[in-house]
Protein chains: 4
Amino acid sequence: MEPYIRTAHYHETDQMGVIHHSNYLKWLEEARIYFLDECGLSYKKMEENGIISPVYEISLQYKYPVKFDETVKIYLELTKYTGVRFEFEYRIINPEGKVSVLAKSTHCLIKDNKVISVKKELPELHEKFMKFIEEYEKNNS
Amino acid sequence: MEPYIRTAHYHETDQMGVIHHSNYLKWLEEARIYFLDECGLSYKKMEENGIISPVYEISLQYKYPVKFDETVKIYLELTKYTGVRFEFEYRIINPEGKVSVLAKSTHCLIKDNKVISVKKELPELHEKFMKFIEEYEKNNS
Amino acid sequence: MEPYIRTAHYHETDQMGVIHHSNYLKWLEEARIYFLDECGLSYKKMEENGIISPVYEISLQYKYPVKFDETVKIYLELTKYTGVRFEFEYRIINPEGKVSVLAKSTHCLIKDNKVISVKKELPELHEKFMKFIEEYEKNNS
Amino acid sequence: MEPYIRTAHYHETDQMGVIHHSNYLKWLEEARIYFLDECGLSYKKMEENGIISPVYEISLQYKYPVKFDETVKIYLELTKYTGVRFEFEYRIINPEGKVSVLAKSTHCLIKDNKVISVKKELPELHEKFMKFIEEYEKNNS
């Protein structure tokens, strides 16, 4: 899958002269929504159907700061999937090809305050997730 | 009424080394909510009762930048009130007593997608607004 | 000039279910930087040369809220230019063609804490600004 | 040490009706700066002396969402310290006493683009850090 492309805005800088570290969390969210979109799932429609996808856990390793006006590529991979919970890994790559941020996040889907089974409730998404997991496992075995 | 006191956070700075100009809009919102609270009106409860208070218009004059860790005082006055629409004026004063930002905003209350009359729907708030307006007009005549 | 295209992010929404009103200020900044870029002036390089462009005044009229995942067009026009100060007007147009936000902002350029003359210090930008002003005046006379 | 007290702002909510998960990173930063302040170290002065304290790693577990207008307590502990690197752990506790967020972050100090030894460059801070570590180890042995 193509990476999510993002240019760092001026309003995202802080007085260290680099992108404030909290903004990368926002970029990861944008990349997830882009990824789901590419999977044929509109996050907007999902929410309109009463399904939300909160974050359980997130971790970031800051390797190299991104600066204003730099365009980064955000690579996202589905690395775990239980039918219910799913985990993404992210690499934010700066214009020189350096790794800026490595990150990982865990999610589930919630409807009416209950965790739902992706497998049962969104079978088409389940199929796509299964394919991504197979691909990931093939590449990493 | 006492001013709203606010300390500028590190994450609110930008690479000019000052508070990014978009953050003052957030501070004004905080000051409005503080003001309504002091009027005995919880914005949270208001929203739970289906009433929201969107912004019609807002204007800001940037006089002197606020820096990280500076504590400012935000003075808010109710300067116009029609029974439906209301206007606030704000002065953000930096620690040295200089005017940092002057601002003005216009609002109404909305319920079920319709503008409502503060006078009819929230008579207690109406009374308070009337007192503030009288005070403002007395001080400015 | 082509409008600046922007898609509303999830992290820009608030609990009213629309884009929080402070975010439009950030979008206007993005549009200005895009505009200067189209004028051949990189804001990044300008800052590296010690020139910053703070906001003097900004005013916004909120007409119609933008929602998550909507792509808006931001039209920017240079409407005043004195050789030193310059004013932009903005229209944020939602996907249905409705005006979401109208705005206006005034700026100058600052170097070594002093307001500088665009005409003297950045003659190429001055030429471009003069053309835009002529065009604007022709269209609005 | 007393916890850092923080009230959730309206502009920090998202359309799920809770505080957007990226904002907790900002709260943790505020808590760190508060902590260093309580240690007698002004982050502002430190930066004026050319020392910055970037984030190496950060991880968050989201347990229970914070809502608008809720006041949370943020407990911060220094849990590791090597003389150079230091690690904080955080608990964000909501008004009902529930754990909202657990987090951990690793930092160092940088001067002239080089990691510096806290022990050598800031001996007073080193002493305080050593005390906190002793206390932490006593409480957790």
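This is a predicted model: local features need pLDDT of at least 70, side-chain atom pairs count only at pLDDT 80 or more; totals for chains, interfaces and linings use all residues.
**Strand pairing in chain B**

Strands of a sheet pair through backbone hydrogen bonds, and this pairing may be either parallel or antiparallel. In chain B, strand β6, which covers residues 99-107, takes part in two such pairings, and the antiparallel sense holds both for its pairing with strand β3 (residues 55-62) and for its pairing with strand β5 (residues 86-93).

| Strand pair | Sense | Bridges |
|---|---|---|
| β3(B) and β6(B) | antiparallel | seven bridges |
| β5(B) and β6(B) | antiparallel | eight bridges |
| β3(A) and β3(D) | antiparallel | five bridges |
| β7(C) and β8(C) | antiparallel | three bridges |

**An open sheet in chain C**

Chain C holds an open sheet of three strands, arranged in the order β2-β7-β8 and paired in the antiparallel sense. Strands β2 (51-52) and β8 (114-116) of chain C stand at the edges of this sheet, and because each has a single partner strand, one side of each is left without a neighbour in the sheet. Strand β7 of chain C, made of residues 109-111, is joined to β8(C) by three bridges, and in this pairing C:I110 has C:V115 as its bridge partner.

**A buried residue in chain A**

Is A:F88 buried or exposed? A:F88, which lies in strand β5 (residues 86-93) of chain A, counts as buried because it has 21 C-beta neighbours inside 10 Å, and the cut-off for a buried residue is 20 or more. When its neighbours within four places in sequence are left aside, A:F88 is in contact with A:R32, A:L76, A:E77, A:L78, A:T79 and A:S105. As for A:I19, it is 69 residues away from A:F88 in sequence, and the two are 22 Å apart in space from C-alpha to C-alpha.

**Where chain A meets chain D**

The contact between these chains takes 15 residues from chain A and 15 residues from chain D. On the side of chain A that touches chain D, the elements giving two or more residues are α1 (23-38) and β3 (55-62) of chain A, and the largest share, eight residues, comes from β3(A). By class, this side of chain A divides into nine nonpolar, four polar and two charged residues. Strand β3(A) is also joined to strand β3 (residues 55-62) of chain D by five bridges, with the two strands running antiparallel, and A:I58 stands opposite D:L60 in that pairing.

**Where chain C meets chain A**

Here the contact takes 10 residues from chain C and 10 residues from chain A. Helix α1 (residues 23-38) of chain C gives the largest share of the side of chain C that touches chain A, namely four residues, and this side has three nonpolar, two polar and five charged residues.

How are the two copies related? Chain C can be laid on chain A with an RMSD of 0.0 Å by a turn of 180° and a shift of 0.0 Å along the axis, and the two copies are therefore related as by a two-fold rotation axis. In chain C, the C-alpha nearest the axis belongs to C:R6, which is 5.9 Å from it. Because 100% of the interface residues of chain C are also interface residues in chain A, the copies meet through the same surface.

Note on methods
Residues are numbered from 1 along each chain as its sequence is written. Chains are lettered from A and ligands numbered from 1 in the order in which they are written. Two strands pair if DSSP finds at least two bridges between them. Two residues are in contact if their C-beta atoms, placed from the backbone, lie within 7 Å. Ala, Val, Leu, Ile, Met, Phe, Trp, Tyr, Cys and Pro count as nonpolar, Asp, Glu, Lys and Arg as charged, and the others, Gly among them, as polar. A residue is buried if 20 or more other C-beta atoms lie within 10 Å of its own, exposed if 12 or fewer, and partly exposed in between; C-beta atoms are placed from the backbone. Copies are superposed by least squares on the C-alpha atoms of residues with pLDDT of at least 70 in both.
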